[in-house]
Amino acid sequence: MAILFLDVDGTLINYKAQIPSSSKEAVIAARKNGHFVFLCTGCSKQEILERHFDFELDGFIGGNGNYIEVQGAEIFHKPLTYVQCKHFTDWCISRSLAYRFECNSGIYISDDYMEKSVQARMKYAFGNNKSAVNAPTNPAFRKMTSKYRDDVNKTAFVLNSYQDYLDAVKEFKDMVVGTWGGKGQLALYGDTSPEGISKEFAINKLLDYLHIDKKESICFGDSSSDLPMFNACNIKIAMKNGNDEIKQKATYIADDVDDNGVYKMFKQLQII
């Protein structure tokens, strides 16, 4: 019996938010064979629900580790504080940065977010493909209802330049600051999340909760934000569409997400 942790964007689904039918087939077959399958993602709960996955999972880790759910039951949640949220919001406004709050009830976007995030959303979904014409949106997007909140799993902001990310690292000493951006890991967005929280922290907590040994754990990821997950798991799978940093740390490299990478690696590992 193995316990599998799957990143979502770029791993289980592609950067256009499409899930290959083979990935769905792999998850269903793995669970039928008695394995546990969990998502381990930066996404929050409503964003996962909006994906409308028509298959069952054993639970998920959201917010890059600050929310853990097992069989529909919440076992851990540590959102940002109201004070941290206020600090982040005021900083973004002072720099004219479009930003969003990622909460379990939805992704709440600033009034200028859709306009200022067009190029970032295009590059995230299509890379540098100049033929793409429409920037995809996220069905979990909601109109900002409160300027400051206390239920924010993590924030995100659109980078005007890489310097915005570097300045955020200096500004938010009481939060974890990251950057991400799709295939090849372009620096398109920055984000902040609670201090002491990571995918590694959450996986360790979940393994303890389920009384499962680390040697049974396998994880799949595509970006540097998945490296903490690699630290927590025995077998580490990097997607071919991922960046060089994560590939260098991998036990195996799976084919591209759009080339049935998850399914073929499940086969190779004899999970299915």
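**Notebook: rings, a hairpin and a pocket**

I looked up Tyr 165 and found it buried, at a relative accessible area of 15%. Buried means under 20% relative accessible area, exposed over 50%, and partly exposed in between (1.4 Å probe, protein chains only).

I noted the ground rules. This is a predicted model, where local features need pLDDT of at least 70, side-chain atom pairs count only at pLDDT 80 or more, and totals for chains, interfaces and linings use all residues. Residues are numbered from 1 along each chain as its sequence is written, and side-chain values use heavy atoms, without hydrogens and water.

**Rings**

I searched the whole structure and got 17 aromatic pairs. Rings of Phe, Tyr and Trp (its six-membered ring) pair if their centres lie within 6.5 Å; planes under 30 degrees apart are stacked, over 60 edge-to-face, the rest tilted.

I checked Tyr 124 and Trp 180. Their ring centres are 5.9 Å apart and their planes stand at 90°, so the pair is edge-to-face. Tyr 124 sits in helix H5 and Trp 180 in strand S10 (residues 175-180), 56 residues apart. Helices (H or I, at least four residues) and strands (E, at least two) are DSSP runs, numbered from the N terminus. Both Tyr 124 and Trp 180 are buried.

I then went back to Tyr 165. Its ring forms a tilted pair with Tyr 162, with 5.3 Å centre to centre and 50° between the planes. Both lie in helix H6 (residues 162-171), three residues apart, about one turn of the helix. Tyr 162 is partly exposed, at 44% relative accessible area.

I also found a cluster: ring pairs link Phe 88, Trp 91, Tyr 99, Phe 101, Phe 157 and Phe 172.

**Hairpin**

I followed S4 (residues 67-70) and S5 (residues 73-77), which pair in the antiparallel sense over four bridges. Strands pair if DSSP finds at least two bridges between them. Ile 68 has Phe 76 in S5 as its bridge partner. The hairpin has two residues between the strands, and Gln 71 takes a positive phi near 50°.

**Pocket**

I looked up the largest pocket. A pocket is an open set of points on a 1 Å grid over the protein atoms alone, where a 1.4 Å probe fits, with protein on both sides within 12 Å along at least five of seven lines; lining residues have an atom within 4 Å of a point. I counted 34 lining residues, with Asp 9, Glu 47, Arg 100, Tyr 124 and Trp 180 nearest the centre. H5 gives the largest share, three residues. Domain 1 (3-78 + 197-269) and domain 2 (82-194) both contribute to the lining, so the largest pocket lies between them. The domain bounds come from an automatic or database domain assignment.
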